[in-house]
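Today I want to look at a ligand site and then at a pair of helices.

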Amino acid sequence: MSMGTPIDQQWARVRGRLREEVGEATYKSWLKPLTLAGIEDGEVRIAVPTRFMRDWVVTHFVDRLRALWAIENAGIEGVDIVVAKTRPIAVEPPCMPADRRKHESDSEKTPAPAVISALSDAEIGAQLDPRFTFDSFVVGKPNELAHAAARRVAEASRVTFNPLFLYGGVGLGKTHLMHAIAAHIRRQQPDRRVLYLSAEKFMYQFIRALRYKHTVGFKEMFRSVDVLMIDDVQFISGKESTQEEFFHTFNALVDQNRQVVISADKSPSDLEGMEERLRSRLGWGLVADIHPTTYELRLGILQAKSERQQTVAIPDKVLEYLAHKITSNVRELEGALNRLVAHAELVGRPVTLESTQELLHDLLRANDRRVTIDEIQKKVAEHFNIKLADMHSARRSRSVARPRQVAMYLAKQLTARSLPEIGRKFGGRDHTTVMHAVRKIDELCAGDRAFAEDVELLRRMLEN
Ligand code: ADP
Ligand code: MG
């Protein structure tokens with residue numbers, strides 16, 4: 001079985017992940033045409049066929065590309081997007097009907113493609129991921145408000161808050177909740193017209209409507225729905241005319257008491273590049289944020305997903321280990337589980353903690369790299385208002401010893417460092433000192449709620 005060089009395989013995995021993240025339509029439009037041009041001095045060179053695409057990829061995807069490459073290959077530090085002039089352009093950027101259909105639109109006889117048909121029910125329905133339902137959504141503290149609000153919108157026959165604005169970081173379940181709402185309404189109230197689409201798609205449709213002078217149809221289409229759901233609205237930051245159109249659509253729907261549901265990666269007030277009136281309007285209804293996951297939620301999600309797949313048994317110990325180690329987001333957590341299952345099936349051996357560590361070492365390392373002991377010491381010192389030097393000093397007064405113990409405790413929790421390694425980082429202390437600190441903080445957390453919250457807060461700040 002030959003699959004090219006290791007680099008090719010890494011590139012294939014990067015593309016695969018990106019495809020999962022951005023969805024099929026975006027992937028096809030913008031990412032499929034990318035080719036790997038080479039690696040030099042820790043920098044990956046990726047070629048695109050046109051300048052226009054290069055600019056687009058640089059603004060929208062280069063950070064993700066860099067992050068995904070770093071997961072695959074620790075030696076990669078940067079990603080450079082270049083326009084390839086050497087080879088014939090095999091792939092033209094889709095979703096750019098202006099280029100592709102120039103000849104058609106130039107001749108007056110050819111009718112413009114109807115926007116309405118471009119958004120037929122079948123196509124919209126096909127965009128919903130059938131796995132993203134309320135049933136499969138695991139509720140925990142970080143997402144309970146967003147979940148409750150989503151359920152309310154899905155179950156209500158009347159509009160209660162408008163819009164519902166869901167926001168949170170990447171891979172925390174925004175799209176999942178949006179699809180769950182749409183699917184629920186379609187099933188329970190089939191005569192309500194639900195339109196779900198990404199802000200990106202909204203923009204394409206709008207540009208296309210402008211291009212084919214079909215804006216009236218576009219407006220009618222969007223203003224005739226009962227429920228409009230726009231995912232990842234941050235995408236239209238800085239896109240003035242799209243924002244303008246969106247604003248009018250939005251107002252028209254809200255005025256007619258139609259439900260609008262929006263998601264974004266930031267709160268309305270933090271959306272940069274958005275017009276002030278739009279930002280303030282977006283915050284008028286219910287704004288619900290999804291917080292970063294907690295250990296409990298991660299474990300709950302892993303247990304649910306592991307039960308759902310019935311092919312491979314995953315020991316609790318392994319699930320706990322993953323929940324502990326993979327803290328970035330749910331998507332990575334799922335990815336880890338899928339890899340475990342696929343591997344176990346393939347080699348026909350049971351999953352163990354050792355096989356997990358071996359198989360996922362790259363992913364685990366990427367998650368580890370997120371926070372260093374230095375960062376922990378700095379944050380904790382700041383928080384307790386002591387000098388950074390006291391993390392290493394021999395001073396034993398309570399006012400510095402306690403924060404130092406908290407930092408050791410967090411270092412144990414948040415990094416993969418061993419006790420002796422941690423001890424060394426704290427002024428060459430013994431591993432038993434670290435062990436003692438971990439126990440002490442655990443004890444204090446159990447007995448003192450305020451203290452426990454303090455530690456939890458620090459942990460959260462460090463994890464993000
Ligand atoms: P976002 O849109 O916020 O970037 P997604 O909704 O695409 O994130 O979620 C990423 C993946 O994680 C999806 O496969 C989704 O099903 C899963 N996921 C996220 N949160 C949960 C949850 N609470 N329970 C179950 N699966 C979840
Ligand atoms: Mg999403």
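Which backbone N or O atom lies 3.3 Å from an oxygen atom of ligand 1? I found that it belongs to Leu-172, and I count N or O atoms within 3.5 Å as a polar contact.

A note on the ground rules: this is a predicted model, where local features need pLDDT of at least 70, side-chain atom pairs need pLDDT 80 or more, and totals for chains, interfaces and linings use all residues. Residues are numbered from 1 along each chain as written, chains are lettered from A and ligands numbered from 1 in written order, and side-chain values use heavy atoms, without hydrogens and water.

Next I looked up side chains. An N or O atom in the side chain of Glu-334 is 2.6 Å from an oxygen atom of ligand 1, and for Arg-331 the side-chain distance to a ligand oxygen atom is 2.9 Å. Ligand 1 taken alone exposes 550 Å², and the protein buries 94% of that (Shrake-Rupley method, 1.4 Å probe).

I then listed the neighbours. There are 18 residues around ligand 1 (a heavy atom within 4 Å), and Glu-334 is among those that come nearest, as are Val-138 and His-176. The shell divides into seven nonpolar, seven polar and four charged residues, with Gly counted as polar.

Last, the helices. The axes of H11 (residues 199-211) and H13 (residues 240-255) come within 10 Å and cross at roughly 100°, which makes H11 roughly perpendicular to H13 (65 to 115 degrees; axes are fitted to C-alpha atoms, with angles from 0 to 180 degrees; helices are DSSP runs, H or I, of at least four residues).

How values were computed
Helices (H or I, at least four residues) and strands (E, at least two) are DSSP runs, numbered from the N terminus. Angles under 35 degrees count as roughly parallel, over 145 as roughly antiparallel, 65 to 115 as roughly perpendicular and the rest as oblique. A polar contact is a pair of N or O atoms within 3.5 Å; within protein, one must be able to donate a hydrogen and the other to accept it, and residues adjacent in sequence count only if both atoms are side-chain atoms.
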